[in-house]
Amino acid sequence: MSPPDERTPLIASSDRQQTEATESSPLLENHGDGSHNEINGANVAQPKAGSWGFWRRSKKDDDKPKASSSRWPSVIAMIILAILVVLIIFLGFIVPPSVQNYAEKAAVLEPTKLSIENITSDGVWARIQANVRLQGSRVENTNSRRIGKAVTGIMRKIETEETTVHVFLPDYDDSLAGTAVIPRLVVDIVDGHNTELNFVTKLKPGSAEDIRKIANDWLDGKLQQLKVVGKSQIQLKSGIFPLGTHDIAETLVFEANKIPSLPKYKIDHLDLHDAPVDGSGRKVIQADVSVTVRNEYPVAIDIPPLGFEVLVPNCDASLPSISVADAQTRLIHIRANMDVTATALGTVREIPESLTRTCPHSKSSPLDNFMEHYLQGEDARVFVRGKSLNDSDTPDWISDILESITVPIEFPGRSFDNLIRNFTLTDVDFKLPNPFADAKDPSSQPSVSGTTEVLAAIPSELKLALAVDSLRATGDLFYEGRKLGELYLRHWEKANSTMIEGTDGDEDLLKITSRVVDVPLNITDGDVFGEVMQKLLFGDEDLILGVKAAVDVKVATVLGILTIKNVPAEGKIPVNGLPGNVFAELNPQVGQIEILNTSETGVRIHARINITNPTSYTATVPYFNIHILHNGETLGEAVATGVDFGLGNNTNIIVQSTWDPVRFGGQSAHEVGRKLLSAYVSGENTTLTAKTHHNSIPSIPLLGEALSAINFTIPTPRVTLPGEDEDINQRFIASATFHIFSSSATFELVSPLLFNTLHIVDVNATAYYNHTEPVGQIIDHREFPVPPGRSETPRLPVQWSPDHVGYDKLKRALGGKLKLDAIADVTLRLGNWIETVHYTGKGIGAKISL
């Protein structure tokens, strides 16, 4: 609603075309000879029987009543103008139609100010200032204008004695809204002469209950229109001529869309702090509030301190609202057409149990519902109701009215988007899902444990002693703006907090530390997760993950523990990159190998592996299946179950693997696998590539597929034999003995199998001196066993190469040792599995005997 201009008539006419009222518009306008007339858009009814009738009034059937924004000034102005019109018509009774027309259209009333002079025990003294005049130029009818000017020129002035106006509410059982005492008035009615009215009137409100009914109907949107009837008896005279006492009854109808609404306000200052109550040490929470609102009316008043209580909506509108705080305003100075600043002090003495109790058929309490809007930056509704103050000079009638009215107020929310200043996660432990868990079981998802440290900014308006007792949360993880997963901290986790006071104008921070355990992590985008893992494993820099969470917090205050739900939190989680060539530093070693079963194309192996964790992360692996590759061909698989991967050295990790290149990759894989075995038994440095697949984690295929884009290449684990040095662990032939006279040789073999016997089916080998000079050749098709640990082969026939230098060197070394190399094609059998490998041995210490 735009503010009224000082020169706008308090009561103005509206014709059928709804022409805007101006300074020259008539205060009273005739629309015919019916029984009604419109004043300022209000329907003015003919007085009841027994009242003084001025003229017959008419109203078109299709005329609609227009509303007015006037209240007490409108009613008083209505009576004043009615008096003026009566006087003019009284003198011009011989030509009533012309004088009636003149009085309606020529009268102008311009209110300039309404101020409250004094507040008493039963009402207020109000000063009303206005300009009133007759302006003949507003009358279009020439005859009416000429006659009206003549009549008013003769009378010149009219005078009223002190008059009491009673205002009634027909739609509310004709209850009395209030009374106004208008003092003696003298008005100049000569055309164009202005009278400045400046008088004090006594305004006395009616029943507080009746005012409450009107206010509640208005606040609830049930008030479509408000009809008021002003009644009075006026004593008139002109000069020394008494004009008698006359009954006046005038009606105004205010349409709902014209009734002033609650003004817009702005909270300039809000300060929450702890305050002692008495010497016992007990404290309460107090709030200093400063609010500014624009007064758009020519009204001035000093409002004394008033008491209020603040209420929060209950679970259901049918239940009474919950009182949470008391408030008291300070003296408020209201000046015409100026901003008004009101300050108040609110006090929260306790946390009502009904405020935090969960609503029926819901998971939220009234406090949760309020905070949901407030924390999202949305307006949160509260109610304000008057309350009597002890030892106050405020009259009882004001307190009665305020206590009977409950006003809804939209409390502006506050955005907490930038609440989190820093978020770190240390001592991280990852746990892969349990493939045998039910889909609804949290263990069916990967989880993360760690120590969280959060630095949260404390809003400047909060100066409370706060301590975080525990927390829980659900959140989304992002990488470069793309969502990769969700975290679910469903259970309350204990937390500690420390206040860090800001220096040099910096904000205060709350440091919150909590140890979270087995927080489920749901991967929602495998591509993004795979990209994160790839950069983590092979990148040179740390990664930054974004997190957006809704946090439930139990906060300890001076009033007790307060649970606040769905606090929006947004922050960043730095993830430390893995150091250097992490796969080379894993240093895997095979401690024990046991053959579980075999087939014609493969072997199933049970192994104990030792491995080093060079990272700062730990992991728990209930079940994990990976494919083993070399040169891009899948050779088999490895399955780990129940593994706790700690920091540093990890020993005796049980892995069951299957070596079956034919089944997993076909003939091409078989050839790659044969060459890999040949290089491995020859002591060469070889590598294996581990790769996840769709069924790596059966309960979360998406995770296995995401990691399949990453190739984990590691050195092929070496078998560690008990009691053997590292050099022997790299060899399968520990030593050899050549017998010159019998043309035979024996070999001391070292088998990596501690529980199974390996068989050599066929041997085709050549020994060399100095890498190139043949010494002799062994071709033997007899099968012989190679038991676990060290063992000696039977004597194998040797065909010497006497025409070569190597044989001469062999004879010269008789009784001593000679370093020889060997190249052999050896066919091995392990159960049902048979494979031929190409062995290359260098620097084998051979004894030379007769």
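Q: In this predicted model, where a salt bridge is a side-chain nitrogen of Lys or Arg within 4 Å of a carboxyl oxygen of Asp or Glu, what makes Glu 410 and Arg 381 a salt bridge?
A: The closest N and O atoms of Glu 410 and Arg 381 are 2.8 Å apart, and the cut-off is 4 Å, so the pair counts as a salt bridge. Glu 410 lies in strand β20 (residues 406-411) and Arg 381 in strand β19 (residues 380-386), so the contact ties together parts that are 29 residues apart in sequence.

Q: Why is Glu 410 called partly exposed?
A: The relative accessibility of Glu 410 is 29%, and because buried means under 20% and exposed over 50%, Glu 410 falls in between and counts as partly exposed.

Q: What makes Glu 159 and Arg 184 a salt bridge, and how is each of the two residues classed by accessibility?
A: The closest N and O atoms of Glu 159 and Arg 184 are 2.3 Å apart, which is within the limit of 4 Å, so the pair qualifies. Glu 159 sits in strand β5 (residues 157-160) and Arg 184 in the loop between β7 (175-182) and β8 (185-188), 25 residues apart. Glu 159 has a relative accessible area of 10% and is therefore buried, the cut-off being under 20%, whereas Arg 184, at 48%, is partly exposed.

Q: Why are Cys 315 and Cys 359 said to form a disulfide?
A: The S to S distance between Cys 315 and Cys 359 is 2.0 Å, and because a pair of cysteine sulfur atoms within 2.5 Å is taken as a disulfide, the two residues are joined by one. The torsion about their S-S bond is about -85°, so the disulfide is left-handed. Cys 359 is buried at 8% relative accessibility, while Cys 315, with a relative accessible area of 30%, is partly exposed.

Q: How do you know that strands β12 and β13 pair?
A: Strand β12 (residues 265-276) and strand β13 (residues 283-294) share eleven bridges in the antiparallel sense, and because at least two bridges are required, the strands count as paired. Across this pairing, His 269 stands opposite Ser 290 in β13.

Q: Why is Arg 138 called buried?
A: Arg 138 has 7% relative accessibility, which is under 20%, and therefore counts as buried. Arg 138 lies in the loop between β4 (124-134) and α3 (142-155), and its side chain reaches the backbone oxygen of Lys 105 at 2.9 Å.

Terms used: Residues numbered from 1 in each chain as written. Predicted model: local features only at pLDDT ≥ 70, side-chain atom pairs only at ≥ 80, totals over all residues. Heavy atoms only, no water. Helix = DSSP H or I, 4+ residues; strand = E, 2+ residues; numbered from the N terminus. Buried < 20%, exposed > 50% of the residue type's maximum accessible area, 1.4 Å probe, protein only. Polar contact = N/O pair within 3.5 Å; in protein donor to acceptor, adjacent residues only side chain to side chain.
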